[in-house]
Amino acid sequence: MTSIKTRPLERNIALTKLGLGAGTKIVAHSLVNIFRGEVARSSADREFYEKQAQVLADELGRLKGSVMKAGQMLSLYGQYFLPEEAVEVLSALQDDTAPVAWRVVAPVLEKNLGRQRLAELDVDEEPLAAASLGQAHRAVRRSDGLELVVKIQYPGVADAIDSDIKTLSRLLMVTRLSPKGLDLAPVFAEVREMLYREVDYQAEARFTEEFARRLADDPRYCVPRVLSEYSSGQVLTTTYESGVSARDAEIRALPQARRNRLGLNFLDLFLTEFFDWGLVQSDPHFGNYRIRLGDKASEDRIILLDFGATRRFERRFVDAYKGIVRGALLGDRAQILRGADAIGLMRGTFPEPVLKAFTEMCQLIVEPFNAIDDPRTPPQLRNARGEYRWGASDLPMRAANVAARNALSVHFRVPPREIVFLHRRLAGVFIMLATLDVELDARERLLERLGLEDLLGG
């Protein structure tokens, strides 16, 4: 891309045109639907929503910046209130988007670092990776050859956040992708807050340094070192850490034992972040993790990248969530519902079928951590040693079916924001372990975090 529409007026015009076009299509769709039968109408609605969402996603991708990132976030919240077809399309808005030309980001780099400081670096004009809010470039410090990564924020994206959020919220209504009567103001307020955090590179630098400090003595993980002299509010420079994607053929070809170890380390990291620290890097995008293969003298290491989506969780929330997980493992419905009520996820006044379905879903979600002889775990998901086969599991689909079958979303249309981001990361852990095709009994690790060590024998 050779340019970005950065001024609010330009972006509003682009999105307004999209909204006007959508409005015309809605009228035509509604008129035609009058003459369709019920089955054909349902099919036409699904096709219509999918097309509307695709048009929205395409335009968001072209605009980049906060409006595209907001579209990604809507796919997370959207599972609770948007048509399934719209969620599927918006979910495809990934951060590995087309980069912009060097001449677009070079002025940002020079303005933030100054010519003298910038002259100390040899920056590759071809980007290493591109996302919705910025892109990264390889660089070398001329004085000592230190390899670096310079993350540069796209010009104008921070200034466009408020305007983008307002326009996008109107657009959802115009395209009829949001249900009538649902107040989305809290959703967009959260998305707005998240966006301001993600464009604050100084805050990201602090989180990167905090993770580096916490994991400094753990050889399983590697966090890049921040170079503050080459960083600012719109530029973040860290050491370059080599590694390959977890999806790389080289990783998939590793022996089962090594993949199991990597999977356990990914899981351990999440359990430590949430239960021990209350500090979670909530974006599970595969680009945020790399794997550096070890040798006979060292083990494989997980390289952690991009801490812009890091969130702190209050201890009361962590403790209440512990209660839900404990209750699910113990089959204790009352404990599950007490924890859910404490974080605003469920209410005791909800209909009995809803409460029953919610407890069923919670007990289902902890399936990988059941005892080896627990009959609730499908036998085909255990190997000969009783370890859970993450790559063969359809657990996310089964849990979603329970929620859909019992219309749970009707009772928590938009769940607490902590839940959205926590479960975003939790889903990412499951996908990572499934991608590694891990076979692992991780019950002990979870029981230790929950203070249920007495169950280790069963």
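Here are some notes on this structure, going from the whole chain to single residues.

1. **What you are looking at.** This is a predicted model, so local features need pLDDT of at least 70 and side-chain atom pairs count only at pLDDT 80 or more, while totals for chains, interfaces and linings use all residues. Residues are numbered from 1 along each chain as its sequence is written, and side-chain values use heavy atoms, with hydrogens and water left out.

2. **The overall picture.** The protein has 17 helices and 11 strands; these are DSSP runs numbered from the N terminus, with helices being H or I of at least four residues and strands E of at least two. Of its 458 residues, 52% count as buried, where buried means under 20% relative accessible area, exposed means over 50% and partly exposed lies in between (1.4 Å probe, protein chains only). The accessible surface comes to about 21100 Å², and carbon and sulfur atoms hold 53% of that; the areas come from the Shrake-Rupley method with a 1.4 Å probe, and for residues only the protein chains shown count as cover. Take the contacts (heavy atoms within 4.5 Å) between residues at least 6 apart in sequence: 70% of them join residues at least 24 apart.

3. **A three-stranded sheet.** S4, S8 and S7 form an open sheet in the order S4-S8-S7, with mixed pairing. Two strands pair here if DSSP finds at least two bridges between them. The edge strands are S4 (221-222) and S7, each pairing on one side only. S4 and S8 run parallel and are joined by two bridges, with Tyr 221 having Ile 302 in S8 as its bridge partner. On the other pairing, S7 (residues 289-292) and S8 (residues 301-304) are antiparallel over four bridges, and Tyr 289 stands opposite Leu 304. As a reminder, strands of a sheet pair through backbone hydrogen bonds, either parallel or antiparallel.

4. **The two faces of S7.** Tyr 289 and Ile 291 make up the covered face of S7. Arg 290 and Arg 292 make up the uncovered one.

5. **A hairpin.** S1 (residues 121-130) and S2 (residues 134-141) pair in the antiparallel sense over six bridges. Three residues lie between the two strands of this hairpin. If you want a landmark, Pro 127 stands opposite His 137 in S2.

6. **Aromatic pairs.** The whole structure holds 13 aromatic pairs. Rings of Phe, Tyr and Trp (its six-membered ring) pair if their centres lie within 6.5 Å; planes under 30 degrees apart count as stacked, over 60 as edge-to-face and the rest as tilted. Phe 211 and Phe 307 have ring centres 4.7 Å apart and planes at 40 degrees, so this pair is tilted. Phe 211 lies in H9 (residues 201-214) and Phe 307 in the loop between S8 and S9 (310-312), so the pair ties together parts that are 96 residues apart in sequence. Both Phe 211 and Phe 307 are buried. Elsewhere, Phe 270, Phe 274, Phe 275, Phe 313, Phe 317 and Tyr 321 form one aromatic cluster.

7. **Charges over rings.** The charged end of Arg 247 sits over the ring of Phe 286, 3.8 Å from its centre, and that of Lys 151 sits over the ring of Tyr 201, 5.0 Å from its centre. The criterion is NZ of Lys or CZ of Arg within 6 Å of the ring centre and within 35 degrees of the ring normal.

8. In H11, 17 of the 22 residues are buried. The 22 residues of H11 should span 32 Å, and its end C-alpha atoms are 30 Å apart, which agrees; the expected span is 1.5 Å times one less than the number of residues. Just after H11, Gly 278 takes a positive phi of about 65 degrees. Buried residues of H12 include Phe 317, Tyr 321 and Lys 322. The buried residues of H12 pack against H11, H13, H14, H16 and H17. Gly 331 follows H12 with a positive phi near 70 degrees.

9. **Two residues to check by eye.** Asp 306 is not a glycine, yet has a positive phi of about 65 degrees. Asp 306 is found in the loop between S8 and S9 and counts as partly exposed at 28% relative accessibility. Asp 437, also not a glycine, has a positive phi of about 55 degrees. Asp 437 belongs to the loop between H16 and S11 (439-440), and is partly exposed with a relative accessible area of 37%.
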